[in-house]
Amino acid sequence: MELRAESESKFVRHEPCPKCGSKDNLARYSDGHAVCFSGGCSHYERGDGEVVEFKRKESKPLNELTGVHAAISDRRISQETCKKFNVTVEYGNDGHIVKHHYPYFDKDSGELRGSKTRLVDNKQFFAQGSFDNVGLFGQQAFKEGGKYITIVEGELDALAVSEMFDGKWPVVSVRSGAAGAAKDIKANLEWLESFENVVLCFDNDKVGQDAARQCLDLFSPNKAKNVALSLKDAGDMLKEGKVRQFVQEWWNAKTYRPDGIVAGVDTWDMVIEQENIVSVPYPWQCLNELTHGFRKKELVTITSGSGMGKSQMVRELQYHLLHATEDNIGILALEEDIPKTTLGLMSLAAEQPLHLDKTITREEKRKYWDETLGTGRFYLLDHWGSTHEENLLSRVRYMAKGLDCKWIILDHLSIVVSDQEQGDERKAIDSIMTKLRSLVQETGVGLFLVSHLRRPSGSKGHEDGAQVSLADLRGSAAIAQLSDMVIGLERNQQHKDEEVRNTTTVRVLKNRFAGLTGPACYLYYNKDTGRMTETSCPIDPDQETEF
């Protein structure tokens, strides 16, 4: 069928085209039929929804354009600019402009071949003539080569940019909008590459910027730039009278580099930002000597054998964060319920294990609750047992972004992995660690992660005081690779001497910040106060040597 005007129906709205992907080039009419006016697209829907192919009625080149060169006043475009691009307009009986005609010329002969006509009242486009071997809109007005060329999404935007620069720099428009931008640029790449600098000025929306990223990759290194507009497009900038602002944004466009590539000359601000990094000291001074404390945007893994005091250590860190910072703190304790977590923090404030003391009054408990959970700075996950990684990650993200938690404690990784469907522990750990590492970078939180160890192959187990190494981390090398800091805990929990039995060796296994590793300090757990305090290396009475 031929593409033609439907006199019996009226234009209703613009829609995305399901065939070519254009954002709004599909015109829907009152009788239900729709047609896409993107160049090269042949999508047509009948009123009953049937999709058919159409042929464009005009297949021969145009001989001349209708209309006259005149200013497009409602868009602040002068007659001189329209004449430069050979854009003509037609007037209605009331003296107002009703049509714009945008010409397209043969790239080789320079002859007029086709035009796109814009109906002012409903913003509908239709095509006339042939578009075989045509260049970009406006290409015929400029010689190849030069310092700058700007590429925009639409013909009106091209006129607007030229107007705002008083015609100083060449500007062209792709023919098929964002959906066909890469194809149009590829077809004219040799001509565009003749310019020293190519500036893309596409619409400031997702469709436009996605198209811009595709097109930027087509050009030689260090040639293409991308403009970040404050309004939707260049036409809106001119219409709103923001010419000076547009010119500044155009000059501020940075040379495009693929994602992840940063020029060395752009790193000074990053260096200055490092001066503002605040290190929070651990509550144990000898650990600070190796680590220089802990920081936001770091993932710190704490690991040991089963029952070695990991949870008690992170509880000490939770309580320490309450006093050492003014930040909110998120706790995801997957092996204990909220009352246990709450009572554990209150016990640190009381310096006595409250769950063992049946004589303490409710009023006394309330005092310790007010000092900890009552501050309003703790947020706890109400969940016990395993949980799928996506559920966990969404809650970590919510704590960070929704509740403004700057520090998050996850205890522990193994129970998250046990709920994964793939059944391969190594792959599950790789997946969750990669996502946690990305989440730390995205949100800027400091994350403390508790992880278990695999059972050692030797006769001496970790519960008997075996030394911890990175190789003992359970399941995957990703834990060691993606953590900024790894701290191992060692304790012979079955030793007959009480002091040795209750003293934990804290060993720094990885330290990305300072590079210092090795034994850091010894922490003694006082069963009367329920606190872990720094102590000297214990003496094994049987061997009369340091443990």
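Which five strands form an open sheet, and in what order? I started my notebook with that one, keeping in mind that this is a predicted model.

**Entry 1: the five-stranded sheet.** I read the strand order as β11-β10-β12-β13-β14, with mixed pairing. At the edges I found β11 (171–173) and β14 (254–255), each pairing on one side only. I then followed β11 to its partner: strand β10 (residues 146–152) pairs with β11 in the parallel sense, over three bridges. For one bridge I looked up the residues, and Thr-150 has Val-171 in β11 as its partner. I also checked what lies across this sheet, and noted helix α5 (residues 206–216) over β12 (195–201) and β13 (224–226). Helix α5 runs at about 165 degrees to β13.

**Entry 2: the nine-stranded sheet.** Next I turned to another open sheet, in which nine strands follow the order β17-β16-β18-β19-β15-β20-β21-β22-β23, again with mixed pairing. Here β17 (378–380) and β23 (531–535) stand at the edges; each has a single partner strand, so one side of each is left without a neighbour in the sheet.

**Entry 3: zooming in on β16.** I wanted to see how β16 meets β18 (residues 405–411), and found parallel pairing over six bridges. One of the residues I traced was Ile-329, whose bridge partner in β18 is Trp-407.

**Entry 4: Asn-328.** Is Asn-328 buried or exposed? Its relative accessibility is 16%, and because the cut-off for buried is under 20%, I logged Asn-328 as buried. Asn-328 belongs to strand β16 (residues 328–333). A polar atom of the Asn-328 side chain lies 3.0 Å from the backbone oxygen of Leu-403. Setting aside neighbours within four places in sequence, I listed the contacts of Asn-328 as Gly-376, Arg-377, Tyr-379, Leu-403, Asp-404, Cys-405, Lys-406 and Trp-407.

**Entry 5: stepping back to the whole chain.** The protein chain holds 17 helices and 25 strands, and 50% of its 547 residues count as buried. Among contacts with a separation of 6 or more, 60% come from residues 24 or more positions apart. The accessible surface comes to about 26,900 Å², and carbon and sulfur atoms account for 47% of that surface.

Technical notes
Residues are numbered from 1 along each chain as its sequence is written. This is a predicted model: local features need pLDDT of at least 70, side-chain atom pairs count only at pLDDT 80 or more; totals for chains, interfaces and linings use all residues. Side-chain values use heavy atoms; hydrogens and water are left out. Helices (H or I, at least four residues) and strands (E, at least two) are DSSP runs, numbered from the N terminus. Buried means under 20% relative accessible area, exposed over 50%, partly exposed in between (1.4 Å probe, protein chains only). A polar contact is a pair of N or O atoms within 3.5 Å; within protein, one must be able to donate a hydrogen and the other to accept it, and residues adjacent in sequence count only if both atoms are side-chain atoms. Contact means heavy atoms within 4.5 Å. Two strands pair if DSSP finds at least two bridges between them. Accessible areas come from the Shrake-Rupley method with a 1.4 Å probe; for residues, only the protein chains shown count as cover. Axes are lines fitted to C-alpha atoms, for helices over the stretch in contact, and angles run from 0 to 180 degrees between N-to-C directions.
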